[in-house]
Amino acid sequence: MSPTDFSWEPAYIALATLAAVSYARGDRPPRWRLASFAAGLFLVAAPLDSPMETIAAKRLLLVHLVQNALIADIAPILVLLGLTPAMKAWLERRGAARIRARWAILAWLAAWYGTHLAGFYNWALDTGWALNIEHGLLIAGGLLFWWPIVSGRLPAPAAIAYLGAGFVASSFLGLAFIFSTHPFYSFYEHAPRLWGFSAIRDQNLGGIAMNGEQTLVFLVAIGWYVSQLLREESLQER
Amino acid sequence: MAPVALAAVAALLFAQAIVRLRRRGRADLAGWDRVALFGLGLAVTLVALLGPIDRLGEEKYLSVHMLQHVLIGDLAPALMTVAVRGPLLVFLLPAGVLAPLARSARVRATLSTLLRPRVAFGLWAANLATWHVPYLYDLALRHDSVHYFEHGCWVVAGFLMWTLLVDPGSHKRLTVGGRIALAAALFACGQVLADVLIFSFHPLYPAYPRRTDQQLAGIVMMAEQLVTLGTLAFVLLRPRLRASRLVAA
């Protein structure tokens, strides 16, 4: 299979379509929310249904890790930011209000580390269909983690602590990839190479990409809440 | 031996401050916890500048050299600044030395300028960037005088930052939110350097040819900052977290 061939995970096209239809039937959102929601859905569907999926599932761990970072970190934030207050209230009435930050972070970390365990990862790659489970767990974990933040239930100090804890706790996986001296996944060890990367170089680069993406996302989010904290203080002073 | 002499002077100044404050009946402001913190700060400095850390850092490993810099430029100033917070700070210099300094308009103006958050942060960031330019890093390794000057810069920059973060004299130059913002900005700056070291595919410093060692140096910087600035953020945020929990309850 050529690296430029398309591969498909149709379940996620269907889910993205369903989400888009539901969104269109809701109240009229401001443009930025619409754009955010659409970008989030695109970042779920496109990485999983494109040549990116072919390379991720057949050739390079680097691309698979970038794909995971997109669907687990960036897409969930964008999707949740795209929800209007009425949509959030609707979700809260149907159980989202019961999501506690401490459990959300644990579930997210379990999904993050659990799906990257060698046994699970190799199994998902070997079977092919189990990649749907891996990606589903990562997307669900990302939505759970970012919900307490985007729902607005956490005050700024708690949000900073939550994001700080998430940043530190999740960074070990990327660091393990960066500093590894042997490939973690036998699947990629025997996969046909691409762009001249050895298996270990591929893994190190994957860790760098993952770590860089997380650093950027978390620092931006923490920075936003610090600015909120400063704004609250200046309002109190007045 | 310069570090030992300077540490001895610092220890003497701190000891006389403790004794004077206790004689005034304020042992509560000059407890053993302060002595332990200050002692730990001095010990961290000496361990970093003498012995295997100094030798390995200069001769073999960039990661150990980085460890030395974060110890003398971040952890030690943090510990010592926390140790002298409150009235102890005023007693740190004997009255005969403090009085003329405090009366000097020039000294006051200089300190006031240096401790403006934007100025202090700018100096800290410039110091961080400057000393990691490969040419200067190499120069410091080749010339002891430059190396001593570099270490002096780390220590001064560290004390400037931690004076703003801890606010030992309760000058309130920054609000709690401002201090957290400063800590976040310091971490973000440090992270840029750490990422350059971690993500580089080639060794940046001629004296340290191992790429893994260079990546480890980035991790050392990130981990140390996480510990010091993370602890500070936790201490500053804790009362607010408690308050928000009470409101929620």
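My cut-offs, on C-beta atoms placed from the backbone: buried means 20 or more others within 10 Å, exposed means 12 or fewer, and partly exposed is in between.

Before going on, I noted that this is a predicted model, where local features need pLDDT of at least 70, side-chain atom pairs count only at pLDDT 80 or more, and totals for chains, interfaces and linings use all residues. Residues are numbered from 1 along each chain as its sequence is written, chains are lettered from A and ligands numbered from 1 in the order in which they are written.

Back to the angles. B:K172 is not a glycine, yet its phi is positive, about 55 degrees. B:D167 also has a positive phi, near 55 degrees. Most residues other than glycine have a negative phi. I found B:D167 in the loop between α10 (144-166) and α11 (176-199) of chain B, and B:K172 sits in the loop between α10 and α11 too. Helices are DSSP runs of H or I, at least four residues, numbered from the N terminus. B:D167 counts as partly exposed because it has 16 C-beta neighbours inside 10 Å.

Next, the chain contact (C-beta atoms, placed from the backbone, within 7 Å). I got 21 residues from chain B and 20 residues from chain A. On the chain B side, α11 and α12 (211-248) are the elements that give two or more residues.

Last, A:I160. Beyond four places in sequence, A:I160 is in contact with residues including A:Y225, B:I180 and B:L237.

Methods
Two residues are in contact if their C-beta atoms, placed from the backbone, lie within 7 Å.
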